[in-house]
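Colleague: I am new to reading protein models. Could you take me through one, feature by feature?

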Amino acid sequence: MTPNSFFHVALKADDVDATAAFYEEAFDGTVIERGHADDGEGATAVEHVALEVADKRVYVFDRAPYEATGDVESMPNGLLHFGFVVDDVDVAREAIDAAGPGVDWVMGPERFGDLRIAFLVDPAGTIVELIEHVS
């Protein structure tokens, strides 16, 4: 399975706005999206700010989508996961499963706005997101 691109890193912070402001000021980031927990349900019931920083995105969450769905216990602040864009999340998941044993799937595939997403844990314990753009 070959990803199309490296898309983003996701961070967890107690103060989403202050953390986003830091990336705006320190790294010349541009806010491109804000989401509110009250506007979503399940995986989308999270406070978040998405920023464009250089040629990638930085997402700042109050909790991860997989925390919001109850798929994992509360995660600590800091790095939550990073994400790769793929053509088809289901095909990518099948290819990863076929590549070898030992992959734990945390969540998904699941719809998240105009995306289909899935999360897995690599052998080192890092959560990796697969992202499919859909309309």
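Modeller: We go from the whole chain down to single residues. Keep in mind that this is a predicted model.

Colleague: What box do the C-alpha atoms fill?

Modeller: Taken along the principal axes, the box is roughly 45 × 30 × 30 Å.

Colleague: What percentage of the residues count as buried?

Modeller: Buried means under 20% relative accessible area. Of the 135 residues in the protein chain, 39% count as buried. Now turn to the outside. The protein chain exposes about 7,100 Å², and carbon and sulfur atoms supply 49% of that area.

Colleague: And the contacts? What share join residues at least 24 apart?

Modeller: Take contacts between residues at least 6 apart in sequence. In the protein chain, 53% of these join residues at least 24 apart.

Colleague: Now strands. In which sense do β3 and β4 pair, parallel or antiparallel?

Modeller: Look at the direction of each strand, then at the bridges. β3 and β4 pair in the antiparallel sense, over 6 bridges. E52 stands opposite R57 in β4. β3 and β4 form a hairpin, with 2 residues between them.

Colleague: In which sense do β1 and β4 pair?

Modeller: β1 and β4 pair in the parallel sense, over 5 bridges. In β4, R57 is the bridge partner of H8. Find R57 in the view: E52 is opposite R57, and H8 is bridged to R57 as well.

Colleague: Next, the backbone. What should I expect of phi and of peptide bonds?

Modeller: Most residues other than glycine have a negative phi, and most peptide bonds are trans. Look for the exceptions. A54 has a phi near 55 degrees, a positive value in a residue other than glycine. A54 lies in the loop between β3 (48-53) and β4 (56-61). That is the turn of the hairpin.

Colleague: Is A54 buried or exposed?

Modeller: Exposed means over 50% relative accessible area. A54 has 72%, so A54 is exposed.

Colleague: Where does D28 lie?

Modeller: D28 lies in the loop between α1 (16-27) and β2 (30-35). Phi of D28 is near 55 degrees, again a positive value in a residue other than glycine. D28 counts as exposed because its relative accessibility is 65%.

Colleague: Which residues does the cis peptide bond join?

Modeller: Check omega. A cis peptide bond joins G108 and P109, with omega at about 10 degrees. P109 lies in strand β6, residues 104-112.

Colleague: Now the rings. How do I describe an aromatic pair?

Modeller: Use the distance of the centres and the angle of the planes. The structure holds 8 aromatic pairs. In one of them, F6 and F82, the centres are 5.8 Å apart and the planes are at 25 degrees, so the pair is stacked. This pair links distant parts of the chain: F6 is in strand β1 and F82 is in strand β5, 76 residues apart. F6 is partly exposed, at 32% relative accessibility. F6, F82 and F84 form one aromatic cluster.

Colleague: How far apart are Y23 and F27 in helix α1?

Modeller: Y23 and F27 are separated by about one helical turn, because they are 4 residues apart in helix α1. Their rings form a stacked pair, 5.6 Å centre to centre, with 20 degrees between the planes. F27 is partly exposed, with a relative accessible area of 47%.

Colleague: What does the side chain of E132 reach?

Modeller: Follow the side chain to its partner. It reaches the backbone nitrogen of V89 at 2.9 Å. Leaving aside residues up to four places away in sequence, E132 touches V86, D87, D88, V89, D114, L115 and R116.

Notes. Residues numbered from 1 in each chain as written. Predicted model: local features only at pLDDT ≥ 70, side-chain atom pairs only at ≥ 80, totals over all residues. Heavy atoms only, no water. Buried < 20%, exposed > 50% of the residue type's maximum accessible area, 1.4 Å probe, protein only. Phe/Tyr/Trp six-rings, centres within 6.5 Å; stacked < 30°, edge-to-face > 60°. Polar contact = N/O pair within 3.5 Å; in protein donor to acceptor, adjacent residues only side chain to side chain. Contact = heavy atoms within 4.5 Å. Pairing = 2+ DSSP bridges. Areas by Shrake-Rupley, 256 points an atom, 1.4 Å probe, with all protein chains shown as cover.
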